[in-house]
Amino acid sequence: MWSHVPEAPADPILGLTVRCKADPCPTKLDLGVGAYRDENGKPYPLKVVLKVEKELAAASLDKEYLPIDGSADFRAAAAKLAFGNSSKALAEKRIATCQGLSGTGSLRLGVSFFAMFMDKTTPCYVSKPTWGNHVTMFKVSGFADVREYRYFDGKTKGVDFEGMTADLRAAPNKSIILLQACAHNPTGADLSEEQWKQLSQLVKEKNHCVLMDLAYQGYATGDLDHDAAAIRIFEEAGLEFTLAQSFAKNMGLYGERIGLLSMVCVNAETAARVSSQLKMVVRPMYSNPPAHGARLATRILTDPALSKEWLAELKQMSNRIKKMREELFAELKRLGTPGDWSHIVKQIGMFSYTGLTPAQCEALISKHHIYLLTNGRISVAGLTTATVPQLASAMHDVVTTVK
């Protein structure tokens, strides 16, 4: 029956991980996967999460289904984290929320909702470059017209804000625009608050439909409010927009698949109707979301003492990533590696868009056993003080010998 089915191409990120695991080299280095590692290069389950897990285990809670739209307590706490204590939209009950399967599942939930109530010929815009899954989820949901807006400036290694705004202004009114709120993946280059304010006015003028991806709140800079600035600015501008949150990175709940979709609406009545339709998306797809991770996140977000512990660990993780950036930049400078590498310390979050060419990246993999995406993205969170010299030396080699 299925003999005609072709083999699908390997996922570029997860496929890289498989390739790395199969490499017998004892000094191999995996800088592809987007997961935090400690100073010893090991996975880091947050201490506060492990503490709450023990509490939950001792409580002998049931394993009953959650409602279709998830835990009400989790939804309230997660939305408050993103929109802030002074959010008018939350106070006025204008935000429809639905617990999703981490960031990816929450984004897909939003796009599936768009597919139900928008013309599928609507152009969908993503940044150039962006996370590959962004494009895929639009296409598999029936949106064939996926376009790019300029974002990364190859010369400055920062945001091409002039090009970005020109492209979004030229886009047809009511286009779907995917924006990343902080720690842009894969570039690590973010907009300033002033640029977000300008962009919010452009979106309002063009009546664009915005889907915002918030995967790194608190993890990007160690400051929850700073990392949520884009969301607060868009709400204060009076915009209706959609937000997808993930707790994979900032709580280390990768495998628990905990996220939230929030849709800011014009009034409470509209939000109630939107909420009812989000349940209609979820029910035939996965029926209801997982409870364990939602319980973990809710306890941490709603207990002041646990929140304090969590914030301290977040700051610690963010600071370690910043330290790795500084050490890599210093080592490249010490080696005299050709080029300006200051963008490594200017970029934000767990990823750095190094500027290495595909050929140089392949040489890093094949010759030096350092695994990264061929677009030049590395996960800075995968580095340690011990492995920074290894990477810097290898980068120096490929930059000077491979074009």
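A salt bridge here is a side-chain nitrogen of Lys or Arg within 4 Å of a carboxyl oxygen of Asp or Glu. By that rule, the side chains of Arg75 and Asp69 meet in a salt bridge, with 3.5 Å from N to O. Both Arg75 and Asp69 are buried, where buried means under 20% relative accessible area, exposed means over 50%, and partly exposed covers what is in between (1.4 Å probe, protein chains only). The model is a predicted one, so local features need pLDDT of at least 70 and side-chain atom pairs count only at pLDDT 80 or more, while totals for chains, interfaces and linings use all residues. Residues are numbered from 1 along each chain as its sequence is written, and side-chain values use heavy atoms, with hydrogens and water left out.

Back to the charges. Side chains of opposite charge can pair when their charged atoms come close. A search of the whole structure turns up 16 salt bridges. One of them joins Lys51 to Glu309, whose closest N and O atoms are 2.8 Å apart. Lys51 sits in helix H2 (residues 47–59) and Glu309 in helix H13 (residues 304–335), so this pair ties together parts that are 258 residues apart in sequence. Helices (H or I, at least four residues) and strands (E, at least two) are DSSP runs, numbered from the N terminus. Lys51 is partly exposed, at 37% relative accessible area, and Glu309 also counts as partly exposed, at 31%.

Another salt bridge pairs Arg295 with Asp62, and here the closest N and O atoms are 3.5 Å apart. This one links distant parts of the chain too: Arg295 belongs to helix H12, Asp62 to the loop between H2 and helix H3 (72–83), and 233 residues separate them. Arg295 is partly exposed at 25% relative accessibility, and Asp62 is partly exposed with 44%. Elsewhere, Glu55, Arg299 and Asp303 are linked in a network of salt bridges.

On a 1 Å grid over the protein atoms alone, a cavity is a set of points where a 1.4 Å probe fits but cannot get out, and a pocket is an open set with protein on both sides within 12 Å along at least five of seven lines; lining residues have an atom within 4 Å of a point. Grid points are joined across faces, edges and corners, and a volume is the space filled by probe spheres set on the points. The largest pocket holds about 640 Å³ of space. Of the 29 residues that line this pocket, Ile13, Gly34, Thr104, Trp131 and Lys249 are the closest to its centre. Helix H5 (102–117) and helix H6 (132–140) are the elements that give two or more residues to the lining. Sorted by class, that lining has 13 nonpolar, 11 polar and 5 charged residues. For this sorting, Ala, Val, Leu, Ile, Met, Phe, Trp, Tyr, Cys and Pro count as nonpolar, Asp, Glu, Lys and Arg as charged, and the others, Gly among them, as polar.

About 60 Å³ of space lies in the largest cavity, and its lining includes Tyr149, Met164, His184, Asp190 and Trp196. By class, 7 nonpolar, 2 polar and 1 charged residues make up that lining.

Ala183 is buried, at 2% relative accessibility. A cis peptide bond also runs from Lys128 to Pro129, with omega near 5°; Pro129 is in the loop between strand E3 (124–128) and H6. Arg257, not a glycine either, has a positive phi of about 55°. Arg257 lies in the loop between strand E9 (242–246) and strand E10 (259–264) and is partly exposed, with 32% relative accessible area.

Another loop, between helix H11 (268–282) and helix H12 (292–302), contains Pro289. Pro289 is buried at 5% relative accessible area, and its C-alpha atom is 8.3 Å from that of Ile258, 31 residues away along the chain.
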